[in-house]
Amino acid sequence: MGKVIASITTSVDGYVTGPEDGPKYGLGRGGERLHYWVMGGPWTYDGGHDFAMHGPDKQFYDEMVSTIKAGVVGRGMYDAAGAWGGTNPFPGPLFVLTHRVADQPAAETGFRFAADLDAALSQADEAARGGDVSVGGGADIIRQALVAGKVDELVISTAPVILGAGKRLFEGFDRDVDLEVVKVYSSPFATHVRYTVK
């Protein structure tokens, strides 16, 4: 069994989206600045954009995903991302945590729907065949996984922006969790910290 790695990008003030996140503004108004590191620089919702990370951002991402063989995300992230155009862009199958499992997309898209976190993690672990499993957004999924004691490594990328509103990563989280810094990467667009959850 591999590790469960929960990873997400936040603003300096702890928001994972700006306000009004959803299909129109995936990361909320102003939230696209959180992912300048992913796109290799400034981008907008209206313009075309691709993964174009480079330098320390690419090193961080490549090292992290090199061991990941399956992932878990929430339905909110899946919908806000427009299902990534209908094809999973991440390594291995992506299990989407949702109460609406009846609208499961075709298997060739790389997405599989699961009704609860335990089922999603169990199926992802089986699909990973000893590799690591990622847990992505939204913030609620990461909080649930931490509370359940399922996260081995927490990865937080902090973008140099203060959003002031949106969805906070640790909104309502009341657990005491010790972390150990494993590695830090820094670029003009983000500081990425990999923590072991003790």
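I looked up H2 and found Asp 57, Phe 60, Tyr 61, Met 64 and Val 65 buried. Buried means under 20% relative accessible area; exposed is over 50%, and partly exposed lies in between (1.4 Å probe, protein chains only). Seen down the axis of H2, these buried residues fall within an arc of 110 degrees, so they line one face of the helix. The arc is that of the directions from the helix axis to the C-beta atoms. An α-helix has 3.6 residues a turn, so residues three or four places apart point the same way.

I noted the ground rules. This is a predicted model, where local features need pLDDT of at least 70 and side-chain atom pairs count only at pLDDT 80 or more, while totals for chains, interfaces and linings use all residues. Residues are numbered from 1 along each chain as its sequence is written, and side-chain values use heavy atoms, with hydrogens and water left out. Helices (H or I, at least four residues) and strands (E, at least two) are DSSP runs, numbered from the N terminus.

What covers the buried residues of H2? I found that the cover includes S1, helix H1 (36-39), S3, S7, S9 and S10. Contact here means heavy atoms within 4.5 Å.

Next I traced the sheet. It is open, with 8 strands in the order S5-S4-S3-S6-S1-S7-S10-S9, and its pairing is mixed. Strands S5 (111-114) and S9 (179-186) are the edges, each pairing on one side only. Two strands pair if DSSP finds at least two bridges between them. From one strand to the next, the twist averages 25 degrees. Axes are lines fitted to C-alpha atoms, for helices over the stretch in contact, and angles run from 0 to 180 degrees between N-to-C directions.

I then checked S7. Of its 6 residues, 5 are buried. S1 (residues 4-10) and S7 (residues 153-158) run parallel, joined by 6 bridges. Thr 9 has Ser 157 in S7 as its bridge partner. S7 and S10 run antiparallel, also with 6 bridges. Glu 153 stands opposite Thr 196 in S10.

Last, I picked Ala 114, in strand S5. Is Ala 114 buried or exposed? Ala 114 is buried, with a relative accessible area of 2%. Not counting residues up to four places away in sequence, I found that Ala 114 touches Val 96, Leu 97, Thr 98, Val 101, Ala 119, Ala 120 and Gln 123.
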